[in-house]
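Here is a short report on one protein chain. Please look over the sequence and the 3D view before reading on.

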Amino acid sequence: MYNMEYRIEVGEMAPDFRLKSAAGRDVRLYDCKNKKTVLLFFFNHDKPGCLERLKTLAEDYGKFKDAGVAVFPVSILKVDEGKTLVQKLGLPFGILCDDDHSVVRDYKMGQCSDTPGHVCFEVIHDVEFPAMLVIDTSGIIRYKQAVGASGGPDNLTLLEECRKALK
């Protein structure tokens, strides 16, 4: 068996994953291949700025859905915690629950040490690097942007990037 190290950069193939949604369904990234553009939002459920960005994304969910975009927020949560968060925020979409931290690790959105090249087996506790990624219908990352203190990128930019990825 081959162990493949992915580069999580624009133009690279997005690592496949299978996660439970807050509704308890299995969601696999590659099930969207040849069907939909995917917007991944890696967020930290303990940071108010990330939760506000999640609510802002929910405001324009209909536009994303009409454009053929699957919106997949991902955080380190157990399914019951994800379900509670979806209900609390009134989200029109589910949250993908990465309770074993594997997807956050694969996408390099969290780390256990600041030391370069550090290898360990500690648990990643949160999404340290909140970001939005747009993945086209062939599974290629077409857009990647950190979500900073300003909450960017805005929904209009994301929607435009998703539409470009459909072409």
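## The model

This is a predicted model: local features need pLDDT of at least 70, side-chain atom pairs count only at pLDDT 80 or more, and totals for chains, interfaces and linings use all residues. Residues are numbered from 1 along each chain as its sequence is written, and side-chain values use heavy atoms, without hydrogens and water.

## The sheet

Seven strands form an open sheet with mixed pairing, in the order S2-S1-S5-S4-S3-S6-S7. At the edges are S2 (26–28) and S7 (141–146), and each pairs on one side only. Strands are DSSP runs of E with at least two residues, helices are runs of H or I with at least four, and both are numbered from the N terminus. Two strands pair if DSSP finds at least two bridges between them.

S1 (residues 18–21) runs antiparallel to S5 (residues 96–97), over two bridges. Ser 21 stands opposite Leu 96 in S5.

Helix H5 (residues 155–166) packs on the sheet. H5 touches S3 (37–42), S4 (69–75), S6 (131–135) and S7. Contact means heavy atoms within 4.5 Å.

## The second largest pocket

What lines the second largest pocket? The lining has 22 residues, and Arg 25, Val 27, Val 71, Phe 72 and Gly 94 lie nearest the centre. A pocket is an open set of points on a 1 Å grid over the protein atoms alone, where a 1.4 Å probe fits, with protein on both sides within 12 Å along at least five of seven lines; lining residues have an atom within 4 Å of a point.

S4 gives the most to this lining, with four residues. S2, helix H2 (61–66) and S4 each supply at least two.

Notes: Axes are lines fitted to C-alpha atoms, for helices over the stretch in contact, and angles run from 0 to 180 degrees between N-to-C directions.
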